[in-house]
Amino acid sequence: MTNVDALLITPPSRLDVYQSLSKDYAAIEPPVWSSLIANYLMKRGYSAKILDAEADNLSHNQTAEKIVTTNPKLAIFMIYGQQPSASTQCMPGGEKTCDELNNLSSNSIKTIVVGTHASALPKKTLEEEPYNFVCQGEGPITIIKLIEHIKTNKTKLEDIPGLWYRDKDKNIKSNKRAPMFENLDQDLPGQAWELLDMSKYKAHNWHVFGKLETRKNYASLQTSLGCPFKCTFCASHVVHGRMIRHKSNEFILKELKYIKNLGFETITIYDDLFAAKRTKFLELEKELQQFGIVDNTKFLLPNALSVAVLTEELIDAIIRMNVEYFKISIESGSQYTQSKIIKKKT
């Protein structure tokens, strides 16, 4: 009988998505959400492991074999990428792996899929994909309640928030979404770094502006969840809603110090809107300077600013923070499109 309650799986997708470019150009991204959820489970007395097929360079069949060998009570397919649309193109990799797993295990291992695509299209995902369950939302509460159901059968499926499933008659059912965490310091306290071999992760080619010989390992951090804006290109709200919740600067500094002590010189912060609160960000930048965290560190901010909050003061602070690059969300370069179609005043 397995001793592992949860196995969080990043299925192999790189080769399918990037084909011949995957060898030299594609990144191997640290599985931030697998690490966050694993830590959440372990803090509450559950056992968890992470299987990152991308980092271990596994095929779909090899990944399925590893899952069977581990024999977890729940196999959790984490279909995320570190930009909002990346979940959809990674879905085929999860599907192939889960099909292999179901064949090898004779459907004995329960599976759930978590991610942006699954949250946006939960019914379609359950209809078309080989998983037993679909999670709509961020996942920690749904997963822990589902493990309780599998282990003890005391929690009924219809009482598990955020869950999509089939009843005994094979009809698709869904439950209301799980409540959003409000205190991230307390409810989602950091990543399970001890479950990851961080030497296996490499940055995107565009992290180094094409200079691949300078590319190093990097760590990723999540310091907030959600975004209040309604940009037409972004699907983040299907997971995190239209509200933003921040970790405290004190907690962020603690995590950054830990990452620095691991030896990382490049740190990517993948919040949906890192500098959403101007005063909070400016205070953090001063503290980063004070504690020397910016020394010999490159910060990458793929989702730093919306044009709605862009100021010279923020840009100056980002420069002082030793940011290698940051991105600004721009929906259209056409004022007509912006004003008449998207209907924004920006």
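## Contacts of Glu 285

Contact here means heavy atoms within 4.5 Å. In this predicted model, and with residues up to four places away in sequence not counted, Glu 285 touches Ala 317, Arg 320 and Met 321. Glu 285 has its place in helix H11, and at 3% relative accessibility Glu 285 counts as buried, since the cut-off for that class is under 20% relative accessible area.

The side chain of Glu 285 also makes a polar contact with the side chain of Arg 320, at 3.2 Å. Towards another part of the chain, the C-alpha atoms of Glu 285 and Asn 249 are separated by 9.6 Å, although these two residues are 36 residues apart along the chain.

## Helix H11 against helix H12

Glu 285 is one of the residues through which H11 meets H12, the H11 side consisting of Arg 278, Phe 281, Leu 282, Glu 285 and Gln 289, and the H12 side of Glu 313, Leu 314, Ala 317, Ile 318 and Arg 320.

The axes of H11, which covers residues 278-290, and of H12, which covers residues 312-320, come within 10 Å and cross at roughly 25 degrees. Angles under 35 degrees count as roughly parallel, and H11 and H12 are therefore roughly parallel to each other. The crossing in which H11 passes H12 is left-handed.

## Helix H10 against helix H11

Helix H11 also packs with helix H10 (residues 249-261), the two axes coming within 10 Å and crossing at roughly 40 degrees. An angle of this kind falls in the oblique class, so H10 and H11 are oblique to each other, and their crossing is right-handed.

On the H10 side the residues that meet H11 are Asn 249, Ile 252, Leu 253 and Leu 256, while on the H11 side they are Lys 280, Glu 283, Leu 284, Glu 287 and Leu 288. The contact of H10 with H11 comprises 5 nonpolar, 1 polar and 3 charged residues.

## Helix H3 against helix H4

A further helix pair is formed by H3 (residues 60-70) and H4 (residues 86-105), whose axes come within 8 Å and cross at roughly 50 degrees. H3 and H4 are therefore oblique to each other, and the crossing of H3 and H4 is right-handed.

From H3, the residues taking part are His 60, Asn 61, Thr 63, Ala 64, Glu 65, Ile 67 and Val 68, and they meet Gly 93, Lys 96, Thr 97, Glu 100, Leu 101, Leu 104 and Ser 105 of H4. By class, this contact of H3 with H4 has 5 nonpolar, 6 polar and 3 charged residues.

Gln 136 has its place in the loop between strand S5 (133-135) and helix H7 (140-152), and with a relative accessible area of 15% Gln 136 is buried. The side chain of Gln 136 reaches the backbone oxygen of Ser 119 at 3.2 Å. Ser 119 is also among the residues in contact with Gln 136 when neighbours within four places in sequence are left aside, the others being Pro 122, Gly 162, Trp 164 and Arg 177.

Asn 217 lies in the loop between helix H8 (184-187) and strand S8 (219-221), and at 30% relative accessibility Asn 217 counts as partly exposed. A polar atom of the Asn 217 side chain lies 3.3 Å from the backbone oxygen of Ser 199. With neighbours within four places in sequence left aside, Asn 217 is in contact with Met 198, Ser 199, Tyr 201, Phe 264 and Thr 266. Asn 217 and Lys 200 are 17 residues apart in sequence, and their C-alpha atoms are 7.4 Å apart in space.

Ser 106, in the loop between H4 and strand S4 (110-115), has a phi near 55 degrees, which is a positive value in a residue other than glycine. With a relative accessible area of 58%, Ser 106 is exposed.

Lys 170 is found in the loop between strand S6 (163-166) and strand S7 (172-174). The phi of Lys 170 is near 70 degrees, a positive value in a residue other than glycine, and at 61% relative accessibility Lys 170 counts as exposed.

How values were computed:
Residues numbered from 1 in each chain as written. Predicted model: local features only at pLDDT ≥ 70, side-chain atom pairs only at ≥ 80, totals over all residues. Heavy atoms only, no water. Axes fitted to C-alpha atoms, helices over the stretch in contact; angles between N-to-C directions. Helix = DSSP H or I, 4+ residues; strand = E, 2+ residues; numbered from the N terminus. Parallel < 35°, antiparallel > 145°, perpendicular 65-115°, else oblique. Left-handed = near helix turned anticlockwise from the far one by under 90°. Buried < 20%, exposed > 50% of the residue type's maximum accessible area, 1.4 Å probe, protein only. Polar contact = N/O pair within 3.5 Å; in protein donor to acceptor, adjacent residues only side chain to side chain. Nonpolar A, V, L, I, M, F, W, Y, C, P; charged D, E, K, R; others polar.
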